[in-house]
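I open my notebook with the sequence and the structure side by side, and I write down each thing as I look it up.

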Amino acid sequence: MFKLLIIGNSSVGKTSFLFRYADDSFTSAFVSTVGIDFKVKTVYRNEKRVSSCSSDLRILLSLQDTAGQERYRTITTAYYRGAMGFLLMYDISNMVSFNAVQDW
């Protein structure tokens with residue numbers, strides 16, 4: 001299992017990305033994430049399901065959506081431990097979120 005964290009400022013689309021990628025769903029009625037939210041997705045090589053006796057590659061991704069507000073920063077940084085990768089997101093229409101990339 002690979003632990004990937006989605007980080008970035010508040011309201012840049014982290015939760016929307018998580019739901020779209022993990023569940024192939026979208027809703028515009030999201031509320032701000034408090035602490036952390038996560039989904040587990042199985043990814044198969046060549047995007048095909050394989051039998052358990054096959055030698056094809058199967059990867060479990062634990063995608064963790066962190067709260068972007070400054071007040072939750074101390075809580076969410078505790079989840080960084082053990083992460084194998086980060087998806088750093090920013091809003092292309094919001095220069096403040098782009099400038100905050102260096103802080104993350």
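Where in the protein is confidence lowest, and where is it highest? This is a predicted model, and I find the lowest confidence in H2, at a mean of 63, and the highest in helix H3 (residues 95–99), at 93. For the protein as a whole I note a mean pLDDT of 77, with 72% of its residues at 70 or more. I remind myself that where pLDDT is low, the predicted coordinates should not be read in detail.

Next I looked up the salt bridges, and a search of the whole structure gives 2. In one of them the side chains of Asp23 and Lys39 meet, at 2.8 Å from N to O. This pair links distant parts of the chain, since Asp23 belongs to helix H1 (residues 14–23) and Lys39, 16 residues apart from it, to strand S2 (residues 36–44). Arg20 and Asp24 form a salt bridge too, with their closest N and O atoms 3.6 Å apart. I record Asp24 as exposed, because its relative accessibility of 60% is over 50%, while Arg20, at 43%, counts as partly exposed.

Then I turned to the largest nonpolar core, which I list as Ile6, Val12, Leu18, Leu61, Leu63 and Met89, 6 residues in all. Leaving aside neighbours within four places in sequence, I see Leu18 in contact with residues including Ile6, Leu63, Asp23 and Lys39.

Last, I looked at Tyr79, which lies in the loop between helix H2 (73–77) and strand S4 (85–89). Tyr79 is partly exposed, at a relative accessible area of 33%, and, not counting residues up to four places away in sequence, Tyr79 touches Lys3, Leu5, Ile36 and Gln64.

Technical notes:
Residues numbered from 1 in each chain as written. Predicted model: local features only at pLDDT ≥ 70, side-chain atom pairs only at ≥ 80, totals over all residues. Heavy atoms only, no water. Helix = DSSP H or I, 4+ residues; strand = E, 2+ residues; numbered from the N terminus. Buried < 20%, exposed > 50% of the residue type's maximum accessible area, 1.4 Å probe, protein only. Contact = heavy atoms within 4.5 Å. Core = buried A, V, L, I, M, F, W, Y, C linked by side-chain atoms within 4.5 Å. pLDDT = per-residue confidence, 0-100. Salt bridge = Lys/Arg side-chain N within 4 Å of Asp/Glu carboxyl O.
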